[in-house]
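User: I have a model open and would like to talk through a few of its side chains with you. Could you take a look?

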Amino acid sequence: MSGPKFRRNLRALASGWLVVGALAACTHAPTTPSSPPPKPPMGDPASVLLEAETAYNAEQWAAAEERYLALVRQDPSNGPLWFKLGNVYFRSGQLKVAAAAYEEGVKHAPNLTKAWYNLGIVRLRQASQSVAEAARVATPAEADAATRAGVLNAGIDALLAPTR
């Protein structure tokens, strides 16, 4: 997923969150057209970063994601924050958005070696899933493709063994 597409999806996700919050608020109090839309809670960035790191270390992925998203909304060109958000997505099994977050990270911090490395690991895991699916759906007439997919998957698994 490209950077602009990821940001568009991220904005859509954030907008959805705001809509849910606004709808919840509507059930409790009347609003007027001049009322500002609700904003997600955001303390000072240092406290939010501490909360994000605490949630991350406790493997509370949803809480860590919420805080890192708030931080990248505040500072969208901060490569290390995108890297940490990518780690949250990776740890929670969301490979597609993890890759997009790592891509944003290296876009803003091209020398962020760990983000490049993790992007490679994510891409290898995606490749492994893809070739495993190819082997699974292969027809008897495609037995050679299924065999090649199995060999490729074994090679990828060997590469990924130290990261599992």
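**Side chains in context**

Analyst: Starting with S128, this residue is found in helix α6, which covers residues 113-137; please keep in mind that this is a predicted model.

User: Is S128 buried or exposed?

Analyst: S128 counts as buried, because its relative accessibility is 11% and buried means under 20%.

User: And what does S128 touch, not counting residues up to four places away in sequence?

Analyst: Leaving those sequence neighbours aside, S128 touches N153, I156 and D157.

User: Switching to rings, how many aromatic pairs are found in the whole structure?

Analyst: The search of the whole structure finds 2 aromatic pairs. One of them is formed by Y56 and W61, an edge-to-face pair with 5.3 Å centre to centre and 75 degrees between the planes, and both Y56 and W61 are buried.

User: What about the rings of F83 and Y102?

Analyst: Their centres are 6.0 Å apart and their planes lie at 40 degrees, so the pair of F83 and Y102 is tilted. F83 belongs to helix α4 (residues 79-91) and Y102 to helix α5 (residues 95-108), so the pair ties together parts that are 19 residues apart in sequence.

User: Are F83 and Y102 buried or exposed?

Analyst: F83 is buried, with a relative accessible area of 12%, and Y102 counts as buried as well, at 0% relative accessibility.

User: Back to Y56, which charged end sits over its ring?

Analyst: That is the charged end of K84, which sits over the Y56 ring at 4.1 Å from the ring's centre.

Methods. Residues numbered from 1 in each chain as written. Predicted model: local features only at pLDDT ≥ 70, side-chain atom pairs only at ≥ 80, totals over all residues. Heavy atoms only, no water. Helix = DSSP H or I, 4+ residues; strand = E, 2+ residues; numbered from the N terminus. Buried < 20%, exposed > 50% of the residue type's maximum accessible area, 1.4 Å probe, protein only. Contact = heavy atoms within 4.5 Å. Phe/Tyr/Trp six-rings, centres within 6.5 Å; stacked < 30°, edge-to-face > 60°. Lys NZ or Arg CZ within 6 Å of the ring centre and 35° of its normal.
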